[in-house]
Amino acid sequence: QVHLAESGGGLVQAGGSLRLSCAASGRTFSSYAMGWFRQNPGKEREFVAVIRWSGGMTYYADSVKGRFTISRDSAKKTVYLQMNSLKPEDTAVYYCAVGGYSVVAEAYEYWGQGTQVTVSS
């Protein structure tokens, strides 16, 4: 089993920054990847970014490329999502997940509880 706990969400003005954290506990998963997704009510869960745990390869959605940065601290088993130049359309509940290196939510096996990010205009 893997347990994921997100933190760092909140309310920020457009143009501001937030850093989300996702701390993992449980069995090791060096062969996996960790991803961030976001979701608004009534909409499908949307891919944001992913990082391969071994090697650190990353991939971003076009909508966040150049503004968001995903990184990991292997010793702390924690993944971060640094979000800069935030826009109102970034408002969503953000989830971290462990699974395959993929943009598809179904490829991920374990999910956190989510953290709300609200960007005011």
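I took a salt bridge to be a side-chain nitrogen of Lys or Arg within 4 Å of a carboxyl oxygen of Asp or Glu. The model I looked at is predicted.

**Entry: salt bridges**

I began with glutamate 46. Glutamate 46 forms a salt bridge with arginine 38, and the closest N and O atoms are 2.9 Å apart. That separation falls within 4 Å, so the pair qualifies. I then looked up how open each partner is. Glutamate 46 is partly exposed, at 34% relative accessibility. Arginine 38 is buried, with a relative accessible area of 6%.

Aspartate 90 is buried, with a relative accessible area of 1%.

I noted that Arg38, Glu46, Arg67 and Asp90 are linked in a network of salt bridges.

I also looked up aspartate 62, which forms a salt bridge with lysine 65; here the closest N and O atoms are 3.1 Å apart. Aspartate 62 is exposed, with a relative accessible area of 64%. Lysine 65 counts as partly exposed at 47% relative accessibility. The count of salt bridges comes to four.

**Entry: the disulfide**

How many disulfides does a search of the whole structure find? I noted one. The disulfide joins cysteine 22 to cysteine 96, with an S to S distance of 2.0 Å. These cysteines link distant parts of the chain: cysteine 22 is in strand 3 (residues 18–26) and cysteine 96 is in strand 9 (residues 92–99), 74 residues apart. The link of cysteine 22 and cysteine 96 is right-handed, with 60° about the S-S bond.

**Entry: the core and leucine 4**

I turned to the largest nonpolar core, which has 36 residues. Leu4, Met34, Trp36, Leu81, Met83 and Tyr94 touch the most other members. I picked leucine 4 and listed its contacts, leaving aside neighbours within four places in sequence. Both disulfide cysteines, Cys22 and Cys96, are among them. Leucine 4 is also in contact with Ala23, Ala24, Met34, Ala97, Val98, Tyr110, Trp111, Gly112 and Gln113.

**Entry: glutamine 113**

Glutamine 113 is partly exposed, with a relative accessible area of 49%. Besides Leu4, glutamine 113 is in contact with Ala5, Glu6 and Tyr95, again leaving aside neighbours within four places in sequence. I checked glutamine 113 against cysteine 96 too: their C-alpha atoms are separated by 8.3 Å, and the residues are 17 apart along the chain.

**Entry: positive phi**

Most residues other than glycine have a negative phi. I looked up two residues with a positive value.

Lysine 77 has a phi near 50°. Lysine 77 is placed in the loop between strand 7 (68–73) and strand 8 (78–83), and counts as partly exposed at 23% relative accessibility.

Serine 85 has a phi of about 50° although it is not a glycine. I found serine 85 in the loop between strand 8 and strand 9. Serine 85 is partly exposed, with a relative accessible area of 41%.

**Entry: serine 121**

Where does serine 121 lie? Serine 121 is in the segment after strand 11 (115–120). Serine 121 is exposed, with a relative accessible area of 87%. I still found contacts: serine 121 touches Ala14 and Pro88, not counting residues up to four places away in sequence. Serine 121 and alanine 14 are 107 residues apart in sequence, yet 5.3 Å apart from C-alpha to C-alpha.

**Entry: a nonpolar patch**

Tyr59, Val103 and Val104 make a nonpolar surface patch of about 250 Å². Tyrosine 59 lies in strand 6 (residues 58–60). Tyrosine 59 counts as partly exposed because its relative accessibility is 42%.

How values were computed: Residues are numbered from 1 along each chain as its sequence is written. This is a predicted model: local features need pLDDT of at least 70, side-chain atom pairs count only at pLDDT 80 or more; totals for chains, interfaces and linings use all residues. Side-chain values use heavy atoms; hydrogens and water are left out. Patches are made of residues with over 30% relative accessible area and no salt bridge: like charges are joined within 9 Å, nonpolar side chains (Val, Leu, Ile, Met, Phe, Trp, Tyr) within 5 Å. Accessible areas come from the Shrake-Rupley method with a 1.4 Å probe; for residues, only the protein chains shown count as cover. Helices (H or I, at least four residues) and strands (E, at least two) are DSSP runs, numbered from the N terminus. Buried means under 20% relative accessible area, exposed over 50%, partly exposed in between (1.4 Å probe, protein chains only). A disulfide is a pair of cysteine sulfur atoms within 2.5 Å. Contact means heavy atoms within 4.5 Å. A nonpolar core is a set of buried Ala, Val, Leu, Ile, Met, Phe, Trp, Tyr and Cys residues joined through side-chain atoms within 4.5 Å.
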